[in-house]
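Here is a short briefing to read alongside the structure. Have a look at the fold before going through the points below.

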Amino acid sequence: HPFGGPGERESPKEARSTLLLSGHSDGFFQLPHIAPFVQQLRCYAKSRGMRFVADGKEQPLRHSPLAMSGNHFWAARWPTGVEGAEVPANFESNLRSLVADLLTGQLGRASELAELEGIVSVYFDNPEKQTKVWSIARHLSNSSMVVYLDTDMTIRPDSLHEGLVQLLVKDAEKSGRRPSDVYIRDAWPG
């Protein structure tokens, strides 16, 4: 159980924690500009007794791009690998037409969005790159703490003797807070 959940009463420990990376596929972690970071974090986790996971599993949702407006991605999302989740033939093109009308100021069809609440979404970044939420959800139930790092993050060599989990727990306790179940260190504020 996550820290603070039923049955767990003590602070997270490294031996029950996960150092988590996520990517859009397993091959992502082998890319020449990614692999050195992955290796360093794998070595760190091993030296600290943490479970290391480089999660390249696909998202449970498939995203179909509909439009882009500024930095915003309009997408339709569909369950992947679910029987009966096939998309009707003209449905995506109808969604693209709806979004195009709305983005060009033709608001007469805006009420149609209410019926598509679980299908049409707007994202700040390409939703296919947003794998961290799904990865965290998959690994939280079997970890007392999940420490998520982007693959371009490094750990300073002079701090390898300190454990991330202990530092995060100490920081929370100093502030009078209960340690969180999940810590996310993202390379950009988003």
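Contact here means heavy atoms within 4.5 Å. With that in hand, residues 24 or more positions apart account for 71% of the contacts in the protein with a separation of 6 or more. Please keep in mind that this is a predicted model.

**Overall layout**
- The protein has four helices and seven strands.
- Read from the N terminus, the elements follow the order β-α-β-β-β-α-β-α-β-α-β.
- Of the 190 residues in the protein, 37% are buried.

- In general, nonpolar side chains tend to be buried together in soluble globular proteins.
- The largest nonpolar core has 21 residues, and the members that touch the most other members are Leu19 and Val147.
- Two or more residues of this core come from each of β1, α1 (35-48), β6 (145-149) and α4.
- Leaving aside residues up to four places away in sequence, Leu19 touches Leu41, Tyr44, Ala45, Met50, Arg51, Phe52, Val53, Val147, Leu149 and Leu164.
- A second, separate core holds 10 residues, including Leu66, Val99, Leu116 and Val120.

**Ser17 in strand β1**
- Strand β1 spans residues 17-22, and Ser17 belongs to it.
- Is Ser17 buried or exposed? Ser17 has a relative accessible area of 1%, and because buried means under 20%, Ser17 counts as buried.
- A polar atom of the Ser17 side chain lies 2.7 Å from the backbone oxygen of Lys13.
- Not counting residues up to four places away in sequence, Ser17 touches Pro12, Met50, Arg51, Ser144, Met145 and Val165.

**Helix α4 and what follows**
- Which residues of helix α4 (residues 164-174) are buried? They are Val165, Leu168, Val169 and Ala172.
- These four cover an arc of only 100 degrees around the axis, so they sit on the same side of α4.
- In general, an α-helix has 3.6 residues a turn, so residues three or four places apart point the same way.
- Gly176 follows α4, and its phi is positive, near 75 degrees.

How values were computed: Residues are numbered from 1 along each chain as its sequence is written. This is a predicted model: local features need pLDDT of at least 70, side-chain atom pairs count only at pLDDT 80 or more; totals for chains, interfaces and linings use all residues. Side-chain values use heavy atoms; hydrogens and water are left out. Buried means under 20% relative accessible area, exposed over 50%, partly exposed in between (1.4 Å probe, protein chains only). The arc is that of the directions from the helix axis to the C-beta atoms. A polar contact is a pair of N or O atoms within 3.5 Å; within protein, one must be able to donate a hydrogen and the other to accept it, and residues adjacent in sequence count only if both atoms are side-chain atoms. A nonpolar core is a set of buried Ala, Val, Leu, Ile, Met, Phe, Trp, Tyr and Cys residues joined through side-chain atoms within 4.5 Å.
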